[in-house]
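Please walk through the interfaces of the predicted model shown here. The text begins with a single contact inside one chain and then widens to the contact between chains.

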4 protein chains.
Amino acid sequence: MDVVEYRPERHQYVWTFGGVAPSHRITPGTLLRLWTEDAFSGRLTRSSDWPSQVLDMTEVNPQTGPFYVEGAEPGDTLALHIVELTPARDWAASTTIPFFGALTGTDRTALLNDPLPERTWIYQLDRAKGTVLFEATSAELRLELPIAPMLGTVGLAPAGREVRSSLVPDKFGGNMDTPEMRAGVTCYLGINVEGALFSVGDGHYRQGEGESCGTAVEGAMEVTLLAELIKGGAPEWPRIESDTHYVVVGSARPLEDAWRASQVGMITWLGELYGLDRLDSYQLLTQISESPLANVCDTNYSATTKLAKNLLPAGDAFGGMHRHLRERARDR
Amino acid sequence: MDVVEYRPERHQYVWTFGGVAPSHRITPGTLLRLWTEDAFSGRLTRSSDWPSQVLDMTEVNPQTGPFYVEGAEPGDTLALHIVELTPARDWAASTTIPFFGALTGTDRTALLNDPLPERTWIYQLDRAKGTVLFEATSAELRLELPIAPMLGTVGLAPAGREVRSSLVPDKFGGNMDTPEMRAGVTCYLGINVEGALFSVGDGHYRQGEGESCGTAVEGAMEVTLLAELIKGGAPEWPRIESDTHYVVVGSARPLEDAWRASQVGMITWLGELYGLDRLDSYQLLTQISESPLANVCDTNYSATTKLAKNLLPAGDAFGGMHRHLRERARDR
Amino acid sequence: MDVVEYRPERHQYVWTFGGVAPSHRITPGTLLRLWTEDAFSGRLTRSSDWPSQVLDMTEVNPQTGPFYVEGAEPGDTLALHIVELTPARDWAASTTIPFFGALTGTDRTALLNDPLPERTWIYQLDRAKGTVLFEATSAELRLELPIAPMLGTVGLAPAGREVRSSLVPDKFGGNMDTPEMRAGVTCYLGINVEGALFSVGDGHYRQGEGESCGTAVEGAMEVTLLAELIKGGAPEWPRIESDTHYVVVGSARPLEDAWRASQVGMITWLGELYGLDRLDSYQLLTQISESPLANVCDTNYSATTKLAKNLLPAGDAFGGMHRHLRERARDR
Amino acid sequence: MDVVEYRPERHQYVWTFGGVAPSHRITPGTLLRLWTEDAFSGRLTRSSDWPSQVLDMTEVNPQTGPFYVEGAEPGDTLALHIVELTPARDWAASTTIPFFGALTGTDRTALLNDPLPERTWIYQLDRAKGTVLFEATSAELRLELPIAPMLGTVGLAPAGREVRSSLVPDKFGGNMDTPEMRAGVTCYLGINVEGALFSVGDGHYRQGEGESCGTAVEGAMEVTLLAELIKGGAPEWPRIESDTHYVVVGSARPLEDAWRASQVGMITWLGELYGLDRLDSYQLLTQISESPLANVCDTNYSATTKLAKNLLPAGDAFGGMHRHLRERARDR
């Protein structure tokens, strides 16, 4: 098995999907052992650090990559299996950034209100317990919250000659910020350019659905991935498969359109898996869909449609790719 | 314990929240054994029944009630504990209604497309197994889906002198269509008029989150409720408490506003429960919120914010009302 | 010509469309000379009056009416020709109401920001010049703005047994807040209940498109109307005809849906007027539509589609009703 | 006066803002005589041409440029004065593209409906009359519509290292599709990269507000521009100044956010021009804003806020740049 290990230096961080030369060229099937810096580029380290003082907004959400996959062509499908996600530091940070987040005016939801106050929370990690510690500043409340490591950002070069900020989620994946992107899942992305040019970043030690204040428990992450190539079959929107669920992620505004995209994407998938026509899939989805939100704060909002496999007949998505990668991950 | 049993005749169905004389006057603490007709008013009985032919759109989503609660005044809180939900028939129905549903143009998302085709699915209930049977019409697929009975519609008379259709969800509750409204939970609604005037209906044998095609597995239901009155404390948006979760339901368009209402509602609740200020609650919510959608098809869309109690310190919402009603339900 | 004169006393104000007994029964063709109170119910009279101190939010936007039109049945069309709108006072008021307006968080666009500051502007009317005086509070700026009297609220009893607040615009008209509702136009509304039960109110001495802060130059108004009945022909959304334009008003959220409703409504109207199919109407509309916004602050947002008659062949909307009423207004 | 004449060959068309080497380097003050191909890249020439058959969707909306402005730096302002827009052909085209347009499901407003039928309209230009001819296909209707030439797309390289498709409108301008972009106006754009790198395209012989079907009367255009550089002063959103109006264009989804951006942008501008604080500007805007929509079909929707200069004191926007360019255009 080809193995790539990569911990980028600060000058090697990338800030876009597309528009950047690959850090590595890999063959399909390669195992990647990566390190990702946190979304603040490591600049938020104390609860006295205010975003407006310490952050450089042109250098947020650094990505590790991009990786050029040999043989990948437009219309193909990239399968990224997340083998492991391990917090790379013993602490993580979250904060309120002025005019950013779901419950404040922003540059798009342009209002006349002053920004919310800035406040920073540092979460200490207890590796033994597998928890991070929330410490309230306005009351005597300390909560040990189980970690649930995930990657906020997984994506590849966009279509249409575009280059997009790593802050954006869209059809190319990107900053979807869905808690479904955790160890054990396989993410399928439609490839738009030769080599796919994927990258990952934005580790969260945990995150609620919707990521309301705009920043999760953000921390540097050790990321182990298996990257495979499927010829053809490119899905319009990102798909995720776990041992227990099928998930489609849509990203758009308003939020209903993000969700509609994920629903229509899943209807397409159900048609592929079971030969159902659109109306039958629509009906079935209506009765079994789980619909946890991903983010309601980014450039596009992201919503998911999620189906439990135990409600469905055995399927064989992408030729059993998830099962195959799961086994390879175990055998490594 | 006062007990009311009520199975309305067809001429007793009510179609609005507000604007209707009470069917009963009850004292706080009363146990209600009710029967609710399905959302189609029982008119959709075969897969050959097309909505445009058999439905009377002025008589959909009939409610059972309304109930006048003695002593209830504006600003008070109605606590409805759902003791039991039992399918009242051995079958249920779902369908596609022209220009209704999340994935079609509607009278509001006004487009030039023709309506989607009409199709009706009848689900047979297997009481022993606790399943309903989905039968595809376009492929050889039959799926036994576990029942998960819920009430689509729980509400009371609105504020501001308004009378709203039973198809509408809003601050008064109504047609929220959230799967969280199942047996074992307590729903808290802010009271707007003397007597509260609540009613219930729209039983679903199961429903996915978002109710995409617009109709769940719709069936008549035996409903057992405990109705209590809390003086004062009216929440702005409906709240639900179970043994395991706190939930707030927001209803608005676009969907992000429905969700924002549920988030701000939960931030308020967290402040009440634990003395957190808004920023601390915002932060905590960001890391622990579950955000399953309710409906993306009704007059307003409904989204929920849901918190697991096991992540939080013990709380005492509404003076322990849920625990109290839970016990009374067991002891009945 | 039947003439009704009516200046309601404070206890006669109505606050809803539907749900209220008629103030008068009139025959089709009646001329109405009405007086409407301002949207603040006359409670905001000085720049030192703050809404949170002087307004009663359960008594805003009082309507004059409702009028029961003899012979009006569901499916018929009410034609209201606005003969004259004359400011009834020598001053008018505007203000910022906490958590209300387009550029602030509201109860639906629920955010964590504090409300914007309250401030009240009193506009003095100069009848000779036909202007109101804007006086800035933060700079030495005084502007004489031409008056452009309009009615913010024109509506009738809603469908579906509903009763709606006078703050709401929807298919029944209501609080559309469009500057197109000025003297010289005819407004066509689809009738939902026997007698139509229409009312009017919310005079604005002038208003910009969108009514961003939520309140126009609000003033009491002398209103002269001609009310006619057209059997059948009920439009789905309110239509307005002037000597120079056709207008359709859609009301919904998000704003694109309000506009879509107005566009589809106009496509229907073009089909009626010229026999065009939907695609031809869509194309023509694309090239000639004016699309001035009405309000982006009310319960539903309102947008208009407006076509200049001089770009179109002579039409004969509703059998020439506008021309007919125009002549009757001149001859009165 | 420096003059650049440029009619790009097909291989010189550009499809993005950013990401392309400049076609020319110009000094501030240069007069540009340009030719722009139509949005269909000239591939739609007959009413029997269907988009799905003749269009290459990777080659739509070609731009002429980009132009590198000597001395332009991030934070500066580009002033583009449109001297003349002259139809370059004697015909133009419009069409319905599957899953594109305001009144159909799209890839974002993802629905299950079939696409609308494709139909193409060719408009013959009568230069003497200054009209284009609309010919209905479903009825005997031929309308001579006055031409009103405009540029759908005016933009420069985006911020944040992004490269955006020429189909996108955003803060960098781009595909705003506003009828306000006509001869005689000056467009101000905030510069994001050295040299500004602006380009123009997408001539419309006329277009209604909202561009509902997604394509205007699209035609090749002779474009005469004056390009000036203002050091500093970069506006957040594109501004347009004519002899009679100030306009700000916002682009976002949902549509209310596009409009909010334009409103807040105008409030900022009013503050700069007259020293008003935000609340006074908000109030004034509320009473005098015109709010014609631009497009409700593109990747972002665009809405405008437009103020008549004759309602306002004399201003001196950007140091009188518009007046200055107007004079230079006359003197050339």
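A:Lys306 and A:Glu180 form a salt bridge, their closest N and O atoms being 3.1 Å apart. Between domain 1 and domain 2 of chain A the count is one salt bridge. Domain 1 of chain A covers 3–90 + 149–230, and domain 2 covers 239–313. Their C-alpha centres lie 22 Å apart. To the contact, domain 1 of chain A brings 24 residues and domain 2 of chain A brings 20 residues.

About 1,600 Å² is buried between domain 1 and domain 2 of chain A, with carbon and sulfur atoms giving 52% of it. On the domain 1 side, A:Glu180 is one of the three residues that lose the most area to domain 2; with A:Pro169 and A:Tyr188 it makes up 33% of what that side buries. Eleven residue pairs are in polar contact across this interface. Strand 15 (186–190) of chain A gives the most to the domain 1 side, with three residues.

The other interface joins chain A and chain B, with 64 residues from each chain in contact. Here about 5,300 Å² is buried, 61% of it on carbon and sulfur atoms. In chain A, the residues that lose the most area to chain B are A:Leu279, A:Tyr282 and A:Gln287, together 14% of what that side buries.

Four salt bridges cross between the chains. One of them pairs A:Arg119 with B:Asp280, the closest N and O atoms being 3.2 Å apart. There are also 48 residue pairs in polar contact. Helix 3 (278–288) of chain A gives the most to the side that touches chain B, with nine residues. That side of chain A divides into 35 nonpolar, 20 polar and nine charged residues.

Note on methods:
Residues are numbered from 1 along each chain as its sequence is written. Chains are lettered from A and ligands numbered from 1 in the order in which they are written. This is a predicted model: local features need pLDDT of at least 70, side-chain atom pairs count only at pLDDT 80 or more; totals for chains, interfaces and linings use all residues. Side-chain values use heavy atoms; hydrogens and water are left out. Contact means heavy atoms within 4.5 Å. Buried area is the accessible area (1.4 Å probe) that two parts lose on being put together, summed over both. A salt bridge is a side-chain nitrogen of Lys or Arg within 4 Å of a carboxyl oxygen of Asp or Glu. A polar contact is a pair of N or O atoms within 3.5 Å; within protein, one must be able to donate a hydrogen and the other to accept it, and residues adjacent in sequence count only if both atoms are side-chain atoms. Helices (H or I, at least four residues) and strands (E, at least two) are DSSP runs, numbered from the N terminus. Ala, Val, Leu, Ile, Met, Phe, Trp, Tyr, Cys and Pro count as nonpolar, Asp, Glu, Lys and Arg as charged, and the others, Gly among them, as polar. Domain bounds come from an automatic or database domain assignment.
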